[in-house]
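Welcome! Here is a short tour of a sheet and a group of aromatic rings.

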Amino acid sequence: MSVAARAASLLVAFVVVAGLGVFVALYYIGGASSLPTVHYTASGGQVNVVLQEDPSNDSASKPNWVTYYTQDPTTKNWLHTTLFSVPANTKVNVTIYGFDGCTPLRNNVFSQVQGTLGNTVTVQQFNMNNRPLGSRQTLSAINSWADCNVAHTFAIPGMNLYVPVPSPNAVNSKKNLCSSFPCTPTSGGAYALETFSFMSPSHTGDFRWQCLIPCGGGFINGNGGPMQTLGFMAGFMDVVA
């Protein structure tokens, strides 16, 4: 192969790689520019963040993708975004409504609650009629292999925070999930309610959070699609002054 041909081949390869990089940036990351950021304001040194995860969503472009929603603290409306902000050095109280079915963890080490205050979460499951299935439990682990009680995770690796998010349970996961999105406790779908707290960092910055269960159906090893797309199963917590 001549020098000119080799140079042309290298140029083509460079253009392909660069184009792929631009596509990934625009498709998976650039979409963040169109997402609203939900701002949570502290009161008494605490802030309350409310999320839910659903088996599908109300997006016209990706209606079958599993997703998180974030609740606006003022209107109480559910916004299809995974971007939110909290003040620095503040106790963050998180509530997650788990409306999706169970998905066993690939690595059961993530059944263990890590990085929350007390390294525990409080969990209660509800049937499709919004009636509790047993009492509230404070747990240091949720074993997804034994009873299929985990749907997703909420993890902020930069803070060593790893929380298994419970499902309604195996039976309700098969038959009684909600079908109108975003879900609500009164929409006729079974769900699990989880609460936990952690301290936000003392310094400002963006902290990426995501689900660690491969939940990108139709993608290689389940690690594509919603798992790596902001607004679905990945987001940022902006810590502000």
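How many bridges join β6 to strand β11, and do they run parallel or antiparallel? Eight bridges join β6 to β11 (residues 191–199), and the pair runs antiparallel.

## About the model

This is a predicted model, in which local features need pLDDT of at least 70 and side-chain atom pairs pLDDT 80 or more, while totals for chains, interfaces and linings use all residues. Residues are numbered from 1 along each chain as its sequence is written, and side-chain values use heavy atoms, leaving out hydrogens and water.

## The sheet

Strands here are DSSP runs (E, at least two residues), numbered from the N terminus, and two of them pair if DSSP finds at least two bridges between them. Seven strands make an open sheet with mixed pairing, in the order β4-β3-β2-β6-β11-β7-β8. Its edge strands, β4 (78–79) and β8 (137–139), each pair on one side only.

V47 has V92 as its bridge partner in β6, while G98 stands opposite A192 in β11.

## The aromatic rings

The whole structure holds 13 aromatic pairs (Phe, Tyr or Trp rings, the six-membered one for Trp, with centres within 6.5 Å; planes under 30 degrees apart are stacked, over 60 edge-to-face, the rest tilted). Y68 and W209 are edge-to-face, because their planes meet at 85°, with centres 4.9 Å apart. Since Y68 lies in β3 and W209 in β12, this pair ties together parts 141 residues apart in sequence.

F154 and W209 form a tilted pair, at 4.9 Å and 40°. Both Y68 and W209 are buried (under 20% relative accessible area, 1.4 Å probe, protein chains only; exposed is over 50%, partly exposed in between). Ring pairs link Y40, Y68, F84, F154, F196 and W209 into a cluster.

Notes: Helices (H or I, at least four residues) and strands (E, at least two) are DSSP runs, numbered from the N terminus.
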